[in-house]
Amino acid sequence: MTVTPIQKLLETARAEITTLSIEDAMREVDSGSALLVDIRDIRELQREGRINNAFHAPRGMLEFWVAPDSPYHKAELSDGRRLILFCASAWRSALSTKTLQDMGLDNVAELEGGFKAWVAAGNAVVKPD
């Protein structure tokens, strides 16, 4: 059995998705045309904090929460705004963005560098309690 190397999967996904800089993503969010979607595990949010007003959709539930025919569907993820996914380092978000595109969503992107890049750029983080 041959397993595709993760870097190859990421390269393939990134060739087919839109990656937005923090500045471009925030411009879209501030205009009301996009929603930041945090796909990190709840333990990551509890440990590291979160971006204010980002919608938390754990990676394991993302497809179910996005699909309108799913009993787990979340209306916030289908209100017409672009979904800008992020995780810690933009690996899970790249693959997740590609998966959502494969499901038929065309208004989806990932945040360049993920949460770590957000923090490194000095942007505000809501600290855990």
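**Strand pairing.** I looked up how S4 and S5 are joined and found 3 bridges between these parallel strands. I count two strands as paired if DSSP finds at least two bridges between them. Strands here are DSSP runs of E with at least two residues, helices are runs of H or I with at least four, and both are numbered from the N terminus. Leu85 stands opposite Glu110 in S5. The chain passes from S4 through H5 to S5, a β-α-β crossover that is right-handed. The term right-handed means that, with the strands pointing away from the viewer, the path from the first strand over the helix to the second runs clockwise.

I then turned to strand S1 (residues 19-20), which is joined to strand S5 (residues 108-111) by 2 bridges, again in parallel. Thr19 is the residue that stands opposite Glu110 in S5.

**Basis of the model.** I note that the model is predicted, that local features need pLDDT of at least 70 and side-chain atom pairs pLDDT 80 or more, and that totals for chains, interfaces and linings use all residues. Residues are numbered from 1 along each chain as its sequence is written, and side-chain values use heavy atoms, with hydrogens and water left out.

**Salt bridges.** How many salt bridges does the structure hold? I found 12, each being a side-chain nitrogen of Lys or Arg within 4 Å of a carboxyl oxygen of Asp or Glu.

One of them joins Lys98 and Glu16, at 3.3 Å from N to O. This pair links distant parts of the chain, 82 residues apart: Lys98 lies in helix H5, and Glu16 in the loop between helix H1 (6-14) and S1. Is Lys98 buried or exposed? Lys98 counts as buried because its relative accessibility is 17%, whereas Glu16 is partly exposed at 44%. The cut-offs are under 20% relative accessible area for buried, over 50% for exposed, and partly exposed in between, with a 1.4 Å probe and protein chains only.

I next examined Asp24 and Arg27, whose closest N and O atoms are 2.3 Å apart in a salt bridge. Both residues lie in helix H2 (residues 22-31), 3 residues apart, about one turn of the helix. Asp24 is partly exposed at 34%, and Arg27 is exposed at 53%.

Glu63 and Arg59 also meet in a salt bridge, at 3.0 Å from N to O. Arg59 is partly exposed, as its relative accessibility is 26%. I also recorded one network, in which salt bridges that share partners join Asp38, Arg40, Arg47 and Glu48.

**Surface patch.** Ile6, Leu9 and Trp91 make a nonpolar surface patch of about 270 Å². Patch residues have over 30% relative accessible area and no salt bridge; like charges are joined within 9 Å, and nonpolar side chains (Val, Leu, Ile, Met, Phe, Trp, Tyr) within 5 Å. The areas come from the Shrake-Rupley method with a 1.4 Å probe, and for residues only the protein chains shown count as cover. Trp91 sits in the loop between strand S4 (82-86) and helix H5 (92-102) and is partly exposed at 42%.

**Overall form.** The C-alpha trace spans about 45 × 30 × 30 Å along its principal axes. Of the 129 residues, 39% count as buried.
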